[in-house]
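Visitor: I'm new to reading protein models. Could you walk me through some features, one at a time?

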Amino acid sequence: MTYRVLSLDGGGIRGLITVILMQRLNQEPDLENWLASVDLIAGTSTGGLLALAIAKDLDLQVIRDLYENKGDEVFDDSWLDDVLDLGTLIGAQYHTKNLSRELRKILGSTTLGELSKHVLITSFDLDNEAPDPSQRSWKPKLFHNLPGDGNDDSWLAYEVGLYTAAAPTYFPAVDGFIDGGVYANNPSMCALAQTQDSRNAFIPPLSDVILLSLGTGLSLTYITGKNLDWGVAQWAKPLISLMLDGVGGIADYQCKQILGNQYHRLAPKFPVGVSIQMDEVKRIPEMVSFASSVAIDDTAAWLKQNWI
């Protein structure tokens, strides 16, 4: 029995690109209902928000409208906040209040266990607060609602959304959690591993698992220089981008080796010289144009052969 996994990368406002790609796949002949049959949706950061919204049965157009119409409110950086934070030196660039408001609107008081689909949402726990000092540490946290021991059915979906979207320097930590992109901006390998967790009530054979991974647009980024003698000040900004955008390829490689043709990734590259940051809401028209022109023929063919 085929077990279908959809994995959605992080990328802030670039999640709009992912939504448009899914819409376009829906419009392909024979693929109108491909998304309805998904068994597990994994997401990091904006991908986590998409996963939660889809699992709440929101229409893709409704989700797209939220990105296009509310993105500037989520990434609203007032001049007063900049003054208080000395730019971004001593405080996150944005507040979470507007994001929290929008997530409450679409997810309400729904818990993970009440969602109509299974999800896996990445986050990072800064302090597990273990009473035993020898066990106290920070650690990755994978929120999920798969049947079995150790799931997170009772957690509010909108709160988990805030946790996974709390990208360092962009948003403050929420309840001690930050963006899962610090270790898995591409959560496809996390999703694949979770399907095999012995605590799950159902464990599909790997031979039955198929996995589609969607990116949010890849910038061709690099740093020149062979012997960089940089300190904290020089590395601070590129390290955030490196964590959030630069490590997705390793999960892609791992899934390819394990699943072979049962795995497919659509991660479109921006043109040479084009780089869109996760908070550049003014470039939404550019993202719409880009996502509308990305070649999806190979992905559609793979879905028809493996998913349907």
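This is a predicted model: local features need pLDDT of at least 70, side-chain atom pairs count only at pLDDT 80 or more; totals for chains, interfaces and linings use all residues.

Visitor: Is aspartate 9 buried or exposed?

Guide: Buried means under 20% relative accessible area. Aspartate 9 has 7% relative accessibility, so it counts as buried.

Visitor: Which residues is aspartate 9 in contact with, leaving aside its neighbours within four places in sequence?

Guide: Among them are Thr44, Thr46 and Gly47, then Asn185, Asn186 and Pro187, and also Arg265. With arginine 265 there is a side-chain to side-chain polar contact of 2.6 Å.

Visitor: Next, phi. What should I look for?

Guide: Here's the general idea: most residues other than glycine have a negative phi. Now look at aspartate 30, where phi is positive, near 75°, although the residue is not a glycine. You'll find aspartate 30 in the loop between helix 1 (15-26) and strand 2 (40-44).

Visitor: Where is serine 45, and what is its phi near?

Guide: Serine 45 lies in the loop between strand 2 and helix 2. Its phi is also positive, near 55°.

Visitor: And which of those two is buried, and which exposed?

Guide: Aspartate 30 has 59% relative accessibility, so it counts as exposed. Serine 45, with a relative accessible area of 3%, is buried.

Visitor: Which residue follows helix 5, and what about its phi?

Guide: That's glycine 108, with a positive phi near 55°.

Visitor: While we're at helix 5, which of its residues are buried?

Guide: Helix 5 covers residues 97-107, and the buried ones are Asn98, Leu99, Ser100, Glu102, Leu103, Ile106 and Leu107.

Visitor: What covers the buried residues of helix 5?

Guide: The cover includes helix 2 (46-55), helix 3 (60-74) and helix 6.

Visitor: Now the rings, please. How do I describe a pair?

Guide: You describe a pair of aromatic rings by the distance of the centres and the angle of the planes. This structure holds 15 aromatic pairs. Take phenylalanine 143 and tyrosine 163: their ring centres are 5.9 Å apart and their planes are at 35°, so this pair is tilted.

Visitor: Which parts does the pair of phenylalanine 143 and tyrosine 163 tie together?

Guide: Phenylalanine 143 belongs to strand 4 (residues 139-144) and tyrosine 163 to helix 6 (residues 157-164), so the pair links parts that are 20 residues apart in sequence. Phenylalanine 143 is buried, at 0% relative accessibility, and tyrosine 163 is buried too, at 3%.

Visitor: Which residues form one aromatic cluster?

Guide: Phe143, Trp155, Tyr163 and Phe177 do.

Visitor: And what lies over the face of phenylalanine 143?

Guide: Lysine 141 does, at 5.0 Å from the ring centre.

Terms used:
Residues are numbered from 1 along each chain as its sequence is written. Side-chain values use heavy atoms; hydrogens and water are left out. Rings of Phe, Tyr and Trp (its six-membered ring) pair if their centres lie within 6.5 Å; planes under 30 degrees apart count as stacked, over 60 as edge-to-face and the rest as tilted. Helices (H or I, at least four residues) and strands (E, at least two) are DSSP runs, numbered from the N terminus. Buried means under 20% relative accessible area, exposed over 50%, partly exposed in between (1.4 Å probe, protein chains only). A charge sits over a ring if NZ of Lys or CZ of Arg is within 6 Å of the ring centre and within 35 degrees of the ring normal. Contact means heavy atoms within 4.5 Å. A polar contact is a pair of N or O atoms within 3.5 Å; within protein, one must be able to donate a hydrogen and the other to accept it, and residues adjacent in sequence count only if both atoms are side-chain atoms.
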